[in-house]
Amino acid sequence: MTPEQMLDVAVEEARQGLAEGGIPIGAALFSADGTVLGRGHNRRVQQDDPSVHAETDAFRAAGRQRNYRSTVMVTTLSPCWYCSGLVRQFNIGALIVGESTTFHGGHDWLAEHGVSVTVLDDERCVEMMTDFIAARPDLWAEDIGE
């Protein structure tokens, strides 16, 4: 699978989260051969749980893996420090980011620590987050800890 095809899975998840009344951030964890191990979306609102970010949701859905070094985390938005920590803690080898325009998270830090990072600057992701931030600035501020 190409990075763009992997991102399509995360975008589907982000759209689902938005349709549920949540924050439109989606993610998926892939094996090296492109198999989807787990997918998820930000469910902070839906589950009233501030720890259910898209990346953690996808990670949990993947279940236990013997080793994460060859896996790829794909997310529609640059990961916050919490999710960047997850990538680092479990030694996930690659990260594909849909966009980092609306939020510049920890992907530079991950790259400095050996994670292969690709930022796609995908217009779908930028537009989805820009529209959401304009419509729900209060919820966005809560999500990013402001």
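Predicted model: local features only at pLDDT ≥ 70, side-chain atom pairs only at ≥ 80, totals over all residues.

In UniProt, an unreviewed entry annotates residues 1-117 as "domain: CMP/dCMP-type deaminase".

Now for the inside. In soluble globular proteins, nonpolar side chains tend to be buried together. The largest nonpolar core here holds 22 residues, and Ile25, Leu29, Phe59, Met73 and Ile92 touch the most other members. Several elements each give at least two residues to this core, among them β1, β3, β4, α4, α6 and α7. The largest share belongs to α3, with 4 residues.

| Core | Number of residues | Members include |
|---|---|---|
| Largest nonpolar core | 22 residues | Ile25, Leu29, Phe59, Met73, Ile92 |
| Second, separate core | 14 residues | Val9, Ala10, Val11, Met128 |

What does Met73 contact beyond its neighbours within four places in sequence? Its partners include Ala27, Ala28 and Leu29, then Glu55 and Phe59, and also Leu86, Val87, Ile92 and Ile96.

Finally, meet helix α1. Its 17 residues, 3-19, reach 24 Å from first C-alpha to last, close to the 24 Å expected at 1.5 Å a residue. Buried residues of α1 include Met6, Leu7, Val9, Ala10, Val11 and Glu13. The buried residues of this helix pack against β1, β2, α2, β3, β4 and α6. After α1 comes Gly21, with a positive phi near 90 degrees.

Definitions and conventions
Residues numbered from 1 in each chain as written. Heavy atoms only, no water. Core = buried A, V, L, I, M, F, W, Y, C linked by side-chain atoms within 4.5 Å. Buried < 20%, exposed > 50% of the residue type's maximum accessible area, 1.4 Å probe, protein only. Contact = heavy atoms within 4.5 Å. Expected span 1.5 Å × (residues − 1). UniProt positions renumbered as here; feature names shortened; annotations may be inferred.
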